[in-house]
Amino acid sequence: MTLLVAHRGDPLRLRENTLPSVASAIGLGADWVEIDVRLTRDGVPVLLHDETLTRLWGYDLRVDSLSHAELDGLGHDGGWRIPTLRQALELAADSRVPLMLDVPAPSEARVAVELVRSMGLLGGSVFTGGPAALADVRAAAPEAAVAMSWESLLPPRAGLLRRVRPQFFNPHHRLLTRARVARIQRRGLKVSTWTVDDPRRMAALARAGVDAIISNDIRALRSACG
C-alpha cells in the first residue's frame, strides 16, 4: 500500500503550514502530513518553509531575525497564525497521524528531535530534509524514522548512507522509474517521493511500487491511489 503524504497540509485550499491546513489534510485521510520547520531568533521551532515571511505572510523579514513573541505579534489577514511545532505535534498526536518534519539544517534538526522526544512522539514522527540535517537526527535519535531527500541521479555514497541510515530514500519523482524503485528497494530501503500533483503520475508511481507519495493535492492523491 502506498502511503498518502499531504505536503504542508492542504495548501490548495488552506494556507500551507498552518494548523487548519494540517487538520484539513488529516480529515481528508492523509497517512502522514509533511511540515517545514524553521527556528526563531530565540530558538523556537515554528512551521515555515521559506527563510523569510515574504511569500506567505507579506513581511520582508527573516524568521530567524524575530523572537517568537515578535513573530506571534505580527498581524495577519484573516486571523491566520504561524504555529509552533509543538502545536502541530499536539494536533497530530490527538489524531494519531504522524508528521513528516522537514528540517533544513542541523540546528533545526537538533531542536526538533529534542522536542519530539520530550513529547513522547519520536515513534510517531518521520524526519526528512538534507543529508547534513538528517545525519544529526540519526546521531541524536538512533531509533528515529528518516526519509533522506535526494536531488541527483547519482546515488549517495556508502559513507553518507551509513551516517544517515534512512528507512526511506526520498528523491524527486522525476528521478524515479519502475526499475530504479526496484533497485532502491532491493537495497533494503523504502521509496518516498515528492512533490506529485498530476493524478496520472501519482497512479503510475503507485503501480511502480513507491511506498509513499507526497502531494499538495491530497484529494487527488487519495483518488489516484485508491
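1. **S1 to S2.** Strand S1, helix H1 (residues 19-27) and strand S2 form a β-α-β unit, and the unit is right-handed. The model is a predicted one. S1 covers residues 3-7 and S2 covers residues 32-39; the two strands are parallel and share three bridges. Across this pairing, His7 sits opposite Glu34 of S2.

2. **The other neighbour of S1.** S1 also pairs with strand S9 (residues 212-215). That pairing is parallel too, with four bridges. Here Leu3 faces Ala212 of S9.

3. **Burial of S1.** Is S1 mostly covered or mostly open? Mostly covered: five of its five residues are buried. In a regular strand, side chains alternate between the two sheet faces. On one side of S1 are Leu3, Val5 and His7. On the other are Leu4 and Ala6. Both faces are covered, and all of these residues are buried.

4. **S4 to S5.** Strand S4 (residues 99-103) runs parallel to S5, and five bridges join them. Met100 lies opposite Val126 of S5. Between S4 and S5 the chain passes through helix H5 (residues 106-118), in a right-handed β-α-β crossover.

5. **S5 to S6.** S5 pairs with strand S6 (residues 145-150) as well, in parallel, over four bridges. Val126 has Ala145 as its bridge partner in S6. Val126 also stands opposite Met100. A right-handed β-α-β unit is made by S5, helix H6 (residues 131-140) and S6.

6. **Burial of S5.** S5 (residues 125-129) is mostly covered, with five of its five residues buried. Ser125, Phe127 and Gly129 point one way. Val126 and Thr128 point the other way. All are buried.

7. Which residues of H6 are buried? They are Ala133, Leu134, Ala135, Val137 and Arg138. Note Arg138 among them. These buried residues pack against S4, H5, S5 and S6, and also against helix H7 (158-164).

8. **Asp50.** Asp50 lies in the loop between strand S3 (45-47) and helix H2 (54-57). Why does Asp50 count as buried? Because its relative accessible area is 17%, and the cut-off for buried is under 20%. With residues up to four places away in sequence left out, Asp50 touches Arg38 and Arg55.

9. **Leu176.** Leu176 is also a loop residue, placed between strand S7 (168-171) and helix H8 (178-186). It has 4% relative accessibility, so it counts as buried. What is Leu176 in contact with, neighbours within four places in sequence aside? Its contacts are Pro171, Val181, Ile184, Val191, Thr193, Arg201, Leu205 and Val210. Leu121 is another matter: Leu176 and Leu121 are 55 residues apart in sequence and 31 Å apart in space, C-alpha to C-alpha.

10. **Largest pocket.** Rolling a probe the size of a water molecule over the atoms shows where empty space remains. The largest pocket holds about 340 Å³ of space. Its lining has 20 residues. Nearest the pocket's centre lie Glu34, Asp36, His49, Asp102 and Ser149. S2, S4 and S5 each supply at least two. By class, the lining has six nonpolar, eight polar and six charged residues.

11. **Second largest pocket.** The volume of the second largest pocket is about 160 Å³. Its lining consists of Pro155, Pro156, Leu161, Phe169, Arg180, Arg183, Ile184, Arg187 and Leu189. Ile184 is also one of the contacts of Leu176. H8 contributes the most to this lining, with three residues. How does the lining divide by class? Six residues are nonpolar, three are charged and none is polar.

Terms used:
Residues numbered from 1 in each chain as written. Predicted model: local features only at pLDDT ≥ 70, side-chain atom pairs only at ≥ 80, totals over all residues. Heavy atoms only, no water. Buried < 20%, exposed > 50% of the residue type's maximum accessible area, 1.4 Å probe, protein only. Pairing = 2+ DSSP bridges. Right-handed = clockwise from strand over helix to strand, strands pointing away. Contact = heavy atoms within 4.5 Å. 1 Å grid on protein atoms, 1.4 Å probe; cavity = no way out; pocket = protein on both sides within 12 Å on 5 of 7 lines; lining within 4 Å. Points joined across faces, edges and corners; volume = space filled by probe spheres on them. Nonpolar A, V, L, I, M, F, W, Y, C, P; charged D, E, K, R; others polar.
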